[in-house]
Amino acid sequence: MNFTQLAYTDLDEFIYGSALRPVACRNGLVIGGGRILPEINFTLPDMLITETTMPDVLRQYKEIVEGACKRAKELETPGLVVELELLPPATYHPEWGVEITKVVRNIMNDYEQKHGLRSVLRITPVDIREDKRSPHMWRGSHWDAIMQTFAGCAKEGAELLSIESIGGKDIHDDAVMYCDIVKSLFALSVLGTRDMAKLWDSIVRIAAETGTIAAGDTACGFGNTAMVLADKRYVPKTFAAVVRVMTVVRSLVALERGAVGPHKDCGYEGVYIKAITGTPIAMEGKSSACAHLSHVGNIAAATADLWSNESVQNIKLLGGMAPTVSLEQLIYDCRLMNTAAKSGISHARLLRDWLTDSDSVLDPQAYVLRPDVAFRISQAIVQGGSHFERTKIAGLTAVNELKQAANAGNLIIDPKEIRWLDKIQAQLSKVTNDEEAFIREMTESCKSEKYDPAKYDLK
């Protein structure tokens, strides 16, 4: 599916909790059907995952999910999404990931049958192809392990299939570290999009075979890496903001190949994915401070359909175990937003605009998440004829939006960072429009220990 126009035509309809193409799950829970729902994500405390420790690992997961479901029931949550982001050993050993899925899903089923708590499980195998020993991006042992994990977990009740894919990350890490926007363009528009096509063709096929839902990808390893480094002042915020917009095209490929949402959290490019495709999205903001800090705490919720905490370790806090505490925060956020929506669409829009305006003036990374800005940039992106062209358009249009906002006094940017916008604009403008020539040039100049073009079938 090649998206050539926006799904939305009216900005007033572009709002949290409601998507033009909602996703209906097997138990009747609808995502994007008129209310925003919590999505809890969690991980283990510091511990090894081995064959010997698996009983303790399963006990930890059982404790986490029982605590979360119990609290969700007590707070009368209308629906819950649980995301299981598998740690590397549980993808290297698919049978471990399957066993964890069974434990988690059984508890969720028990709470649904006994207490009426409708819930859906999202499975996210880790993309182990980043391992230097991975023989190829699209074949070999590492690829097989990921696909076996998807298939096995889907058969055990994981209904939403997602991944944080890393195609192109071997190049993009250096691009971010050295603020090389041209290298970022290569990683995202060539390596990333080609990898996404191969990957999501397979995930969509598994979803069809198992009666599950190919949900969506996220550019966490690209956009969030830049964001976290910008927060630490290692790279300019304007660079991170432009990279964030450029990630849209590679994440959109999942939908082009048949994914239907909900788009995965920790990819703040989700606001663009929703504008272009109409599919529901998971987002994270202030609730993800347990995992990382950011400057997009409120604005991220403006168009979200699932509200996530990113991830939290199973450790003891004064209020209880951290995943349970984190879920309570998500539930109360969703309750407030849904109450505003029940009071009428005008109230929901007002809350959306408050969430937007409270962040967008203070940071370029927040500004590019404004619903109106995402609309304008998305309209430009879909005019491009190829992924390469679209990613260039995304970067250049983001630069123009940030410059105009700064000049109009709608965005506070350090004067030093304005110069970075000029630099990014100049570098992207000089890139050839001949994609094949660009690939030849970058393939030659980017060779390193980390990047092997043969793994992407490039010479």
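Is Ser184 buried or exposed? Let's start there. One caution before I answer: this is a predicted model.

Ser184 is buried. Its relative accessible area is 0%. Where does Ser184 sit? In helix H6, residues 181-210. And what does Ser184 touch, once residues up to four places away in sequence are left out? His172, Ala175, Val243 and Met246.

Second residue: Val103. You will find Val103 in helix H3, residues 94-115. Val103 also counts as buried, because its relative accessibility is 18% and the cut-off is under 20%. Set aside the neighbours within four places in sequence, and Val103 is in contact with Leu58 and Lys62. Here is a distance for your viewer. Val103 and Leu29 are 74 residues apart along the chain. Their C-alpha atoms are separated by 21 Å.

Now the sheet. Seven strands form an open sheet. Read across, the order is S7-S6-S5-S4-S3-S9-S8. The pairing is parallel. Which strands are the edges? Strand S7, 213-217, and strand S8, 282-284. Each of those pairs on one side only. On average, neighbouring strands of this sheet are turned by 30° against each other, with direction ignored.

S8 is joined to strand S9, residues 306-308, by three bridges. S8 and S9 run parallel. For a landmark, take Glu284, which stands opposite Ser308 in S9.

Next, strands S5 and S6. Strand S5 covers residues 119-124. Two bridges join S5 to S6, and the two run parallel. Which residue in S6 is the bridge partner of Arg122? Leu160.

Stay on S6, residues 160-163. Its side chains go two ways. Leu160 and Ser162 point one way. Leu161 and Ile163 point the other way. All four are buried.

On to empty space. Rolling a probe the size of a water molecule over the atoms shows where such space is left.

Open space comes first. The largest pocket has a volume of about 330 Å³. How many residues line the largest pocket? There are 17. Nearest its centre lie Glu85, Leu86, Val126, Asp127 and Glu164. By class, the pocket lining has eight nonpolar, five polar and four charged residues.

How many cavities of 30 Å³ or more turn up in a search of the whole structure? One. The largest cavity has a volume of about 60 Å³. Its lining is Gly223, Met227, Ala240, Ala241, Arg244, Tyr268, Val296, Gln365, Val368 and Leu369. By class, that gives seven nonpolar, two polar and one charged.

Which helices supply at least two residues each to the cavity lining? Helix H7, 220-231, and helix H8, 237-256. H8 gives the most, with three residues.

To recap, briefly. Val103 in H3 is buried at 18%. The sheet has seven strands, paired in parallel, with S7 and S8 at the edges. The largest pocket is about 330 Å³, and the largest cavity is about 60 Å³. That's my tour. Thanks.

Key. Residues numbered from 1 in each chain as written. Predicted model: local features only at pLDDT ≥ 70, side-chain atom pairs only at ≥ 80, totals over all residues. Heavy atoms only, no water. 1 Å grid on protein atoms, 1.4 Å probe; cavity = no way out; pocket = protein on both sides within 12 Å on 5 of 7 lines; lining within 4 Å. Points joined across faces, edges and corners; volume = space filled by probe spheres on them. Nonpolar A, V, L, I, M, F, W, Y, C, P; charged D, E, K, R; others polar. Buried < 20%, exposed > 50% of the residue type's maximum accessible area, 1.4 Å probe, protein only. Contact = heavy atoms within 4.5 Å. Pairing = 2+ DSSP bridges. Axes fitted to C-alpha atoms, helices over the stretch in contact; angles between N-to-C directions.
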